[in-house]
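Visitor: I have a model open and would like to go through it with you. Can we start with the side chains and then move on to the sheet?

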Amino acid sequence: MVDKFVGTWKMISSENFDDYMKALGVGFATRQVGNRTKPNFVMSVDDQGAICMKSQSAFKTTEVKFKLNEPFEETTADDRKTRTVVSLDNDKLIQKQSWDGKETLIEREISDGKLVAKCIMGDIVAVRTYVKE
């Protein structure tokens, strides 16, 4: 179940995120803002089973609502238009974004009470760690 991901999570560390954004094709100015921003990650589930994931910061807030394993259109924080599918696999929440023949994965899992998000693009991996507020 996704219940263990539900809540508000505050970012405490971000490693290799600039290289990840470069691999995605994010421009210099947006990367500078992205590297300085420490967004909260907020996840909820409604009574219909729809999941809502928000990334909240002073710079930008993005929100997606979806059901597991059902593709949806997403506009990312860096304005990519992706076809996204989120699945649950071995207690990991896997978000697969596809656009322009490219693909990235964001794998989220709970480890030692922290939310660890691995952002993967090819051989580039960024790790962002959050604690529950």
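Visitor: Is K4 buried, exposed or partly exposed?
Guide: K4 is partly exposed, at a relative accessible area of 34%. Buried means under 20% relative accessible area and exposed over 50%, with partly exposed in between (1.4 Å probe, protein chains only). This is a predicted model: local features need pLDDT of at least 70, side-chain atom pairs count only at pLDDT 80 or more, and totals for chains, interfaces and linings use all residues. Residues are numbered from 1 along each chain as its sequence is written, and side-chain values use heavy atoms, with hydrogens and water left out.

Visitor: What does D91 form with K4?
Guide: A salt bridge, with the closest N and O atoms 3.6 Å apart. The term stands for a side-chain nitrogen of Lys or Arg within 4 Å of a carboxyl oxygen of Asp or Glu. D91 sits in the loop between β6 and β7 (92–99) and K4 in the segment before β1 (7–15), 87 residues apart. Strands are DSSP runs (E, at least two residues), numbered from the N terminus.

Visitor: How many salt bridges by this rule?
Guide: The count is 9. One of them joins E107 and K92 at 3.8 Å, N to O. E107 belongs to strand β8 (residues 102–111) and K92 to strand β7, so this pair ties together parts 15 residues apart in sequence. E107 counts as buried at 18% relative accessibility, while K92 is partly exposed at 24%.

Visitor: Which residues are linked in a network?
Guide: D18, K22 and R31, through salt bridges.

Visitor: Switching to T84: where is it found?
Guide: T84 is in strand β6 (residues 81–89). It counts as buried because its relative accessibility is 0%. Its side chain makes a polar contact with the side chain of E74 at 2.7 Å. A polar contact is a pair of N or O atoms within 3.5 Å; within protein, one must be able to donate a hydrogen and the other to accept it, and residues adjacent in sequence count only if both atoms are side-chain atoms.

Visitor: And the sheet, in what order do the strands come?
Guide: There are 10 strands in an open sheet, ordered β4-β3-β2-β1-β10-β9-β8-β7-β6-β5, with antiparallel pairing. Two strands pair if DSSP finds at least two bridges between them.

Visitor: Which strands stand at the edges?
Guide: β4 (61–66) and β5 (72–75); each has a single partner strand, so one side of each is left without a neighbour in the sheet.

Visitor: How many bridges join β3 to β4?
Guide: 6 bridges, with β3 covering residues 51–56. Among the residues of β4, V64 is the bridge partner of M53.

Terms used: Helix = DSSP H or I, 4+ residues; strand = E, 2+ residues; numbered from the N terminus.
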